[in-house]
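Open the model in your viewer and keep the selection panel at hand. This tour goes stop by stop, saying what to select and what to look for.

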Amino acid sequence: MDAFSLDNPHHLLASIWFAIIGLFLIFYVILDGFDLGMGILSLAAPNEQYRGAMMSSIGSIWDANETWLVIVGGTLFGAFPLVYGTVLHGLYIPITLMLLGFIMRGVSFEFYALSSRKKLWGIAFGLGSLLAVIAQGFALGGLLNGIKIENGLFTGDVFDWFSPFSLMVVLGVIAGYSVMGANYMILKFTGELQKHAYARSKIFSGWMLFFAGIVTIWTPLQYPSILERWFTLPNFFAFALLPLAALFCFYMLFRALARCEERAPFIWSLLIFMFSFIGLAASLFPYIVPGAITIDQAAAPTNTLVFMLLGIGMLIPVMIAYNIYQYSVFSGKINPDAPSHHD
Amino acid sequence: MDMLQNPEFLSRLQFAFLAMFHILWPPLTVGLAIIILGLEATWLKTKNIFYYHQTRFWIRIFMINFGVGVISGIPMEFSFGTNWGPFSIASGDFFGNILGFETAMAFMLEAGFLGIMLFGWNRVSGRMHLFATSMVVLGSTLSVFWIMVANSWMQTPAGVEYVNGKFIINDYLAAVFNPDLGHAFWHMFIACIELSLVVVAGVSAYYLLKQREIDFFLPAFKLAVLALVIITPLQILIGDSAGGALAHTQPAKLAAIEAHWETNPPGEGAAWAVLAIPDAAKQRNLWEWTIPDALSLIVTHSFTGTVVGLRDFKPEDQPPIWIPFYAFRIMLAAGVFMALMALWTAWLLWRNKTRMSHENISQNKWLLRGWILAIPAAYLAVEMGWMVREIGRQPWIVYGMMRTQHGVSELPLATVQWSLLSFFVFYLAIGIAAFYFMRHVLRQGPAYEAAPKYIKNKNRPMSPMNDGGY
């Protein structure tokens, strides 16, 4: 069976699902990326009123943002059960830490609004966000490190995800999410808080560029197959485009920050995430767990993939539409210096 | 304790703990959303501000509850991958697919309109807001449906073959509409409505008892009780029907629930043990208090109907007995208590209908205390029901096909101990905090917000929280 042949319906469906889950994951990374990033930045918020403004600016959307990850989980479970049952098993500790981080920040949103001890819940929100981001970095780093699988079961160690490489990924993810968070704040706020966000964005953009560079060079070095794919002609020209496009976006990001533009920084950082993500997906494909499982091996049988496509595929534009609607309802600038009406 | 040194048992304990904590929240979300939708629609139709204030008050309770429900649900989804990897791999083609449906059809729908429902009062029109609320209702109801599809399939797996450690789907619709789905969905969905009505009645009773906000809570109390007069007996009937179905679909579970060891011979009825001291090692009850023929009557609706006993199953195929037996009785008692409260109150209301006023209902302190007590009873019934259902399914993860021990991820003992302890500490803290903030909201009482004016310009420099009115 030729895994690359497109007249193989199972391979075609598996590829479609790889793309759909990739799409959901990129929605998640961008949308929850900025609210997790703002959570990290809230740890160093200039004052309690600003922290309150930062938290309430995402009060109406964080749940929908996080739900994209729930969808990634559900669709991955159905379309690639082998990946779900081995990768999550292998990443037990980072996944658990991520969930604990989500729990902490999720409840803090509500309790912050109700409580008179704002600082306590504000810090819990920030720490929970940071914990979730660190855990996601280790999960991604651990996945790129490779998940040891034999006979369709995880056979590695529970600490396999921990390595110098994954530490670099963690730092890159922290910096990247913080940039997204800061750029969202630039978009959303006015006055002092917006100035504060410009300063933060400049610092973290530098760090993001640094760590993204390290990870981009280090990843192919870990896998001869990826290295080979990148550096054979004519593939090289296609693959070289992605880092070049990302570098261009970094240049535009720094320029937009220097010019104090309001929307452009968010869009450029969003594009950086997209290009990095597409680069990663293109390097991995047709593997879904690098070096271990291809999408064809992991994919559920054709009938499941079709059934899921009928049930979920048609909903994708609907889900996107009502998410955009909800964002549009809560669009508009927030003045963080306006008196708060929390009781 | 030997069992706490066993990673498989700890994974089970962890999932049980996650599930037992999680199920405290969604029933109120599901049921209260429906009640809120009704109140909001009535407000838009009548323009009576009373209904708007009611809507806003219950939304505040809803909000605390919803958030904890969401964040405690996510760990359950991921647990299938982390702790139950082999089960996920074996069953993902169906089970994972269904969870995927749930996330895309239900969770996202809820989340996509929740922000508008909670914070959008001054940003969208009245009709649009009502639409958002109804999408939250639809989303949460669909999530009950899909999760009960997944769960009922584990109870009565249909439409699949178990070949070489993997479930192969032959018939999708048979798997979705498996034999247990009808009972499972309706019993859970009605439980959500019953629990929510009991919360409305109990919270209202609390205010009536304190002589606070009587004009606000007396109508809510009466309405909730009248609905419960229909809902509580209905739930008992559905439960009875579900029990009867178990005799065909999961006879070992039924026998464990009733501590029924020996199949009754033809022509003789099986006795129902009201209370018993079951002993799995001796395969009998050490002591029991029984009602002759009653078990046959309950299960088969005939005095001599055959009810299969536990001894017809090999010991390794028998579920644990103590928890299903007693959890079932507690659930039943709680259900009957709520039904009796509803009937008693309805009778008082009917008897006093001509002079029905807050004096004579507020003076009946025991009635009001009874309703406050009904709140924990409702939660207890839900918890006990799930324990009966899931522990009674053992030793199978997919009933009769795949054993629980074959579905668990191999993990080091210390890792599972750590995660279990972490979840325990986090959930304990959240549970206490949520309780505290619920009490805070109850102490504040209704806020009597000004009705929205439907300002078209949504780009006002305000934060979304400010529109929330608190």
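**Before you start**

This is a predicted model. Its scores are ipTM 0.89 and pTM 0.91. Colour chain B by pLDDT. The average for chain B is 89, and 94% of the residues score at least 70. Now select residues 455-470 of chain B, where the pLDDT is below 50. Even so, this stretch has 38 contacts in the model beyond near neighbours in sequence. Where pLDDT is low, the predicted coordinates should not be read in detail.

**Stop 1: chain A as a whole**

Chain A comes to 14 helices and four strands. Along the principal axes, the C-alpha atoms of chain A fill a box of roughly 65 × 40 × 40 Å. What radius of gyration does chain A have? The value is 21 Å, which agrees with the value near 20 Å that a compact globule of 343 residues would have.

**Stop 2: a helix pair in chain A**

Select residues 164-188 of chain A, which form helix 7, and residues 264-284 of chain A, which form helix 11. Their axes come within 8 Å and cross at roughly 155°. Helix 7 of chain A is therefore roughly antiparallel to helix 11 of chain A. The crossing is left-handed.

Show the side chains next. From helix 7 of chain A, the residues in the contact include Gly176(A), Val179(A), Met180(A) and Tyr184(A). Helix 11 of chain A meets them with Pro265(A), Phe266(A), Ser269(A) and Phe273(A). By class, this contact has eight nonpolar, three polar and no charged residues.

**Stop 3: where the chains touch**

Bring chain B back. The contact takes 65 residues from chain A and 63 residues from chain B. On the chain B side, select helix 3 (49-82), helix 4 (85-91), helix 5 (95-119), helix 15 (413-444) and helix 16 (464-468); each gives two or more residues. Which of them gives the most? Helix 5 of chain B does, with 19 residues. Colour the chain B side by class, and it divides into 36 nonpolar, 21 polar and six charged residues.

**Stop 4: helix 8 of chain B and helix 6**

Move on within chain B. Select helix 6 (residues 126-155) and helix 8 (residues 181-209) of chain B. Their axes come within 9 Å and cross at roughly 135°. That angle makes helix 6 of chain B oblique to helix 8 of chain B. Helix 6 of chain B passes helix 8 of chain B in a right-handed crossing.

Among the contact residues of helix 6 of chain B are Val144(B), Phe145(B) and Met148(B). Helix 8 of chain B brings residues including Phe185(B), Met188(B) and Phe189(B). The contact has ten nonpolar, two polar and no charged residues.

Definitions and conventions
Residues are numbered from 1 along each chain as its sequence is written. Chains are lettered from A and ligands numbered from 1 in the order in which they are written. This is a predicted model: local features need pLDDT of at least 70, side-chain atom pairs count only at pLDDT 80 or more; totals for chains, interfaces and linings use all residues. Two residues are in contact if their C-beta atoms, placed from the backbone, lie within 7 Å. Ala, Val, Leu, Ile, Met, Phe, Trp, Tyr, Cys and Pro count as nonpolar, Asp, Glu, Lys and Arg as charged, and the others, Gly among them, as polar. Axes are lines fitted to C-alpha atoms, for helices over the stretch in contact, and angles run from 0 to 180 degrees between N-to-C directions. Angles under 35 degrees count as roughly parallel, over 145 as roughly antiparallel, 65 to 115 as roughly perpendicular and the rest as oblique. A crossing is left-handed if the near helix is turned anticlockwise from the far one by less than a right angle, and right-handed if clockwise. pLDDT is the predictor's confidence in each residue, from 0 to 100. The radius of gyration is taken over C-alpha atoms; the globule rule is 2.2 Å times the number of residues to the power 0.38.
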